[in-house]
Amino acid sequence: MTRREAVNRRRGVLLLAPTVLALGTLTVYPGVWVLWLSLQHRIPIFGVSRFAGLDNYAFLAIDSRFASAAATTIIFTVTSVALEVVLGVAAALAIHAQRGGRRVALSLLLLAWAMPAVVTAKLFEWLYHPTAGLLNVALGGHALNWLGDPHLALPAVVLADVWRTMPFVAVLCYARLLAIPAELYEAAQVDGAGRLATLVLITLPMLARILLVAILFRTLDALRAFDLMFVLTGGGPAGTTETITVYAYRALFQTLQLGFGSALGVVVFVLVMAVAWAYLKILRTSAVTA
Amino acid sequence: MRRRVRTLADTLVLAALASYAIPFFWQLLTSFKPEAELLRVPPLLPSQLTLAHYRAVIERSLMPQALANSFGIATLTTLLALAVGVPGAYAVARLPLPGKRWLLLAIVASTAFPQIATVSPLYLLMRALDLRDTWSGLVLVHTSFALPLTIWLLAGFIREIPIEAEEAASVDGAGLPGLFRWVVIPLLAPGLAATALLTFLFSWNEFLFAYTFTVSEASRTIPVALALFPGVFEVPWGDIAAASMLASLPPVLIVVGLQRFLVRGLVAGAVKE
């Protein structure tokens, strides 16, 4: 090792030390601690605190509320992400086709993405108001109780989430569209390709990779989504919008089951990591073939 | 003719996007509507505009305190995340590190870390250290949570800096502080701005930790104060609308005024390898 390399190595460790300290104490350490908590029965108000082994996890297998929360999480994630991708690509294509006003267009889109999810929840709570809500007025004066009807509440939450996060997908796709070389389109024109053929054979394949990344990010976000349903419906009515994350939160801080709630948190963690790992595999193979 | 068709198409797209933002504009309109007309729709437009809801929110609610808390916490989080993140990102991007592969993997993995998984131990930690209801507690937690993405973004931007600039500086005998002061920070400025905006927005918008680690009303941040906005006999829709608009003010200003940096940060996060 030359002297220069030794200096650089020491510098690297020095510069990274604060990061390692911060992530170590406030992410990794709690990450290990939560595993330990999840192996315990801990209900502070009853003074219960004892080792439980895998009891909390075993209970999940027979817990119908968990089964329902898991189903809700999956339905919410799949429908939200699917709608976001379709609408996001459409919005990106529309903005890209514009000659002027792109900045204004992006502002209108990003507005929805940039504000706190709690604000989104408040906007939609007002839109969904049974008598004075804009949505019911627009639907011709129906008095639909969007957030109170077990059949409508989950679609209502999905709609709010799509509104908030579609712009993220749109902006990523739009940036990718800007980077497609114009020669490709010129070549297609020379070959006599129509608009549809150009879209299907050139534009969409060029978007494939960024879409995979966008889907990954959005899926991870949707799996751990909390703010929107917690504020908009609180998991109700009748538990129809309760995701695993909301269930975990209520177990932790409303019924004060620290052990069981932590086990639910660990489940979300494992779910997120499994999805991330699977996607990275797909991304890597698609990088080879593309 | 063709030109007119294009202009028409442009207008249609803008109109479609403007209607996409209707939930926001409707709330904006609601915040200026007289109380008596709130629940009487149609007509959609109010007979007159009023500032009564804003006055109520500013004079008689916790929102001013919450705005100050959020502004302070988000600003300090951004500064701390950059102070820790810039050196960290430089090490990741440019220097040899033991176990670098695993380190990078850990950083990427922790950007996906769900908050719900660490909220229970962090709650116990905050309680044990007496950090509940303090700015410091939330700043520390927000910083550690934002840090992986901060480093990921900054490392990408640092790799774009021509290495010759840094080499020239070392030849001139600049030490580590000099290198940052004269080369890295100035060349990194646009990327630094993009990263700072995303970190600020994360902290400003964050709800789960802020909700869990605050007990007293006076220490609530904006999202918490808004989620728990009190109503005595009925829901004060007009006041909530006004409070929502105040909560959206910094994000809206960033989207409109600093869009270039925001988009740059968003895209960089997704395409950097």
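In chain A, confidence is lowest in helix α8 (residues 182-190), at a mean of 84, and highest in helix α5 (residues 117-127) of chain A, at 96. Confidence here is pLDDT, the predictor's value for each residue, from 0 to 100; helices (H or I, at least four residues) are DSSP runs, numbered from the N terminus. Over chain A as a whole the mean pLDDT is 90, and 98% of the residues reach 70 or more. This is a predicted model, in which local features need pLDDT of at least 70, side-chain atom pairs count only at pLDDT 80 or more, and totals for chains, interfaces and linings use all residues. Residues are numbered from 1 along each chain as its sequence is written, while chains are lettered from A and ligands numbered from 1 in the order in which they are written.

The domain assignment of chain A, taken from an automatic or database source, gives domain 1 (3-27) and domain 2 (62-289). Their C-alpha centres lie 37 Å apart.

The largest nonpolar core has 162 residues, of which A:Leu109 and A:Val268 touch the most other members. Such a core is a set of buried Ala, Val, Leu, Ile, Met, Phe, Trp, Tyr and Cys residues joined through C-beta atoms within 7 Å. A residue is buried if 20 or more other C-beta atoms lie within 10 Å of its own, exposed if 12 or fewer, and partly exposed in between, with C-beta atoms placed from the backbone. Helix α7 (residues 153-178) of chain A gives the most to this core, with 16 residues, and the core draws at least three residues from each of domain 1 and domain 2 of chain A.

Leaving aside neighbours within four places in sequence, A:Leu109 is in contact (C-beta atoms, placed from the backbone, within 7 Å) with A:Ala91, A:Pro167 and A:Ala170, and also with B:Leu17 and B:Tyr20 of chain B. Between the two chains, 77 residues of chain A are in contact with 74 residues of chain B. On the side of chain A, helix α1 (residues 3-38) gives the most, with 18 residues.

Another part of chain A to look at is the loop between α10 (227-232) and α11, where A:Pro237 is placed. The peptide bond from A:Gly236 to A:Pro237 is cis, with omega near -10°. A:Ala238, in the loop between α10 and α11 of chain A, has a positive phi of about 55° although it is not a glycine. Most residues other than glycine have a negative phi, and most peptide bonds are trans. A:Ala238 is exposed, with 12 other C-beta atoms within 10 Å. Helix α11 (residues 244-253) of chain A, by contrast, is mostly covered, with nine of its ten residues buried.

Definitions and conventions: Helices (H or I, at least four residues) and strands (E, at least two) are DSSP runs, numbered from the N terminus.
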